[in-house]
Amino acid sequence: MIAGVFFVAILLLSCYVYADSMNRISAISWRSLEAASSISLDKLRSALSIRNVVVAANRTKLYVNVTNDGAVKVDHADFAGMDVILTYTDEPTGLTQTYWCYYNSVDSSRHGWSLNSSFTNPYPSIVNPLDWDPSETLSLIIELPVSNQFENDTVGYLRVVLPEGSSNGLSFLTGT
Amino acid sequence: MIVTVIAASIFSAAALQQLYAFQNAFKDVSSRNEEMFSSSITIIAETKTPSASSIIIWVKNTGRTSFRLQDATANATFWDLFMIFPNETYRRFNYVSACSDDCWSAQILNDRGTIGLWEEGETLEISVHTASIPAGSYEVRLALPNGVTCDDKFSLG
């Protein structure tokens, strides 16, 4: 009888270890799938559109309005995780080149972008005044380095990418 | 009775050992899957430099996993960069931190968190240095050590 009890106890212990293993494995697998679906969902639910691009009179700046068309807000701390990529023809060199613009850069020798402080940003800001909520619009200023200028009467291209990877692009004319 | 107890002990010890081995193997595989599932990278744009000596590729970390370009232990880079050129030439480029020809180098442009760690939302600028950049269609594929890849087709004039 003692042997029987001992045998059953060992079997129960084995069952417990097996169940515990399965529980841990399921938890890890569930976390994996949750992470994967959350990344995909965030990307699917985020969208933006560039409403308009205006070239400044001195052709060294762009004024851009971008609307959050998705269902995911962009936290203001994540603005630096957005990408602004600008393609244009430079007047002194005549070269058409693509540049990645730095956020809030103080270095005037490189391309930079920042929020336009002349406007309430984002607009309207009824909820989460600092964050870019769905349907709100951000006003951006893109500045060229001090030595650069848009060549007259050429076409440029602007692409804005959200931290999740969704993007939108728009062509613009530099005017005459 | 003693024989039964000994037999039960031997059987249980063997079974538990196998169970633990199975558990560890499965945990290892699950952890790798977790890292892979939470990794995502996206190529957002490509261009070439005015001097036409390198192709610039911007890649964004759109996942939850952070990556280090240089493996601290091995002091090497286990990232792979492949490209198909317009003449259908398939090439693999090696990472060289001070690259000048036939290799690639990279820098994190908006390094907000831990310096040198490519974290969520950060963009990596990859410069592929090559002797000639003919006009036409290209394909690029970047593969990370954990098996996550991203690819893109683009054209250069």
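This briefing walks through the two chains of the structure, their folds and the contact they share.

The model is predicted. Chain A has one helix and eight strands, and chain B has one helix and 10 strands. Each chain is divided into two domains, with domain 1 (1–45) and domain 2 (48–173) in chain A, and domain 1 (1–37) and domain 2 (41–156) in chain B. The chains touch each other through 36 residues of chain B and 36 residues of chain A.

**Chain A: overall layout**

- Chain A is more spread out than a compact globule, because its radius of gyration is 26 Å, well over the 16 Å that the globule rule gives for 176 residues.
- The C-alpha trace of chain A spans about 100 × 40 × 25 Å along its principal axes.
- Between the C-alpha centres of domain 1 and domain 2 of chain A there are 48 Å.
- Of the 176 residues in chain A, 25% are buried.
- Among the contacts in chain A with a separation of 6 or more, 60% join residues 24 or more positions apart.

**Chain A: a hairpin to look at**

- Strand β1 (residues 48–55) and strand β2 (residues 61–68) of chain A pair in the antiparallel sense, and seven bridges link them.
- One of the pairs to find on screen is A:Leu48, whose bridge partner in β2(A) is A:Asn68.
- The hairpin of β1(A) and β2(A) has five residues between the strands, and A:Arg59 takes a positive phi near 60° there.

**Chain B: overall layout**

- Starting from the N terminus, chain B runs α-β-β-β-β-β-β-β-β-β-β.
- The radius of gyration of chain B is 23 Å, whereas a compact globule of 157 residues would have one near 15 Å.
- Along its principal axes, the C-alpha trace of chain B spans about 85 × 35 × 25 Å.
- Domain 1 and domain 2 of chain B have C-alpha centres that lie 43 Å apart.
- Buried residues account for 22% of the 157 residues in chain B.
- Of the contacts in chain B with a separation of 6 or more, 54% are between residues 24 or more positions apart.

**Chain B: the eight-stranded sheet**

- Chain B holds an open sheet of eight strands with mixed pairing, in the order β1-β2-β8-β6-β5-β4-β9-β10.
- At the edges of this sheet are β1 and β10 (149–156) of chain B, each of which pairs on one side only.
- On average, neighbouring strands of the sheet are turned by 25° against each other, direction ignored.
- Within the sheet, strand β4 (residues 80–84) and strand β9 (residues 136–143) of chain B form an antiparallel pair over five bridges.

**Chain B: a closer look at B:Pro145**

- B:Pro145 sits in the loop between β9 and β10 of chain B.
- Is B:Pro145 buried or exposed? B:Pro145 counts as exposed because it has 12 C-beta neighbours inside 10 Å, and a residue with 12 or fewer falls in that class.
- Leaving aside residues up to four places away in sequence, B:Pro145 touches B:Phe78 and B:Trp79.
- From B:Pro145 to B:Ser53 there are 92 residues in sequence and 27 Å in space, C-alpha to C-alpha.

**Where the chains meet**

- The contact between the chains takes 36 residues from chain A and 36 residues from chain B.
- Which elements of chain B give two or more residues to the side that touches chain A? They are α1 (2–37), β1 (41–48), β2 (54–61) and β8 (123–129).
- On this side of chain B, α1(B) provides the largest share, with 16 residues.
- By residue type, the side of chain B that touches chain A divides into 14 nonpolar, 15 polar and seven charged residues.

How values were computed: Residues numbered from 1 in each chain as written. Chains lettered and ligands numbered in written order. Predicted model: local features only at pLDDT ≥ 70, side-chain atom pairs only at ≥ 80, totals over all residues. Contact = placed C-beta atoms within 7 Å. Helix = DSSP H or I, 4+ residues; strand = E, 2+ residues; numbered from the N terminus. Nonpolar A, V, L, I, M, F, W, Y, C, P; charged D, E, K, R; others polar. Domains from an automatic or database assignment. Pairing = 2+ DSSP bridges. Axes fitted to C-alpha atoms, helices over the stretch in contact; angles between N-to-C directions. Buried ≥ 20, exposed ≤ 12 C-beta atoms within 10 Å, placed from the backbone. Rg over C-alpha atoms; globule rule 2.2 N^0.38 Å.
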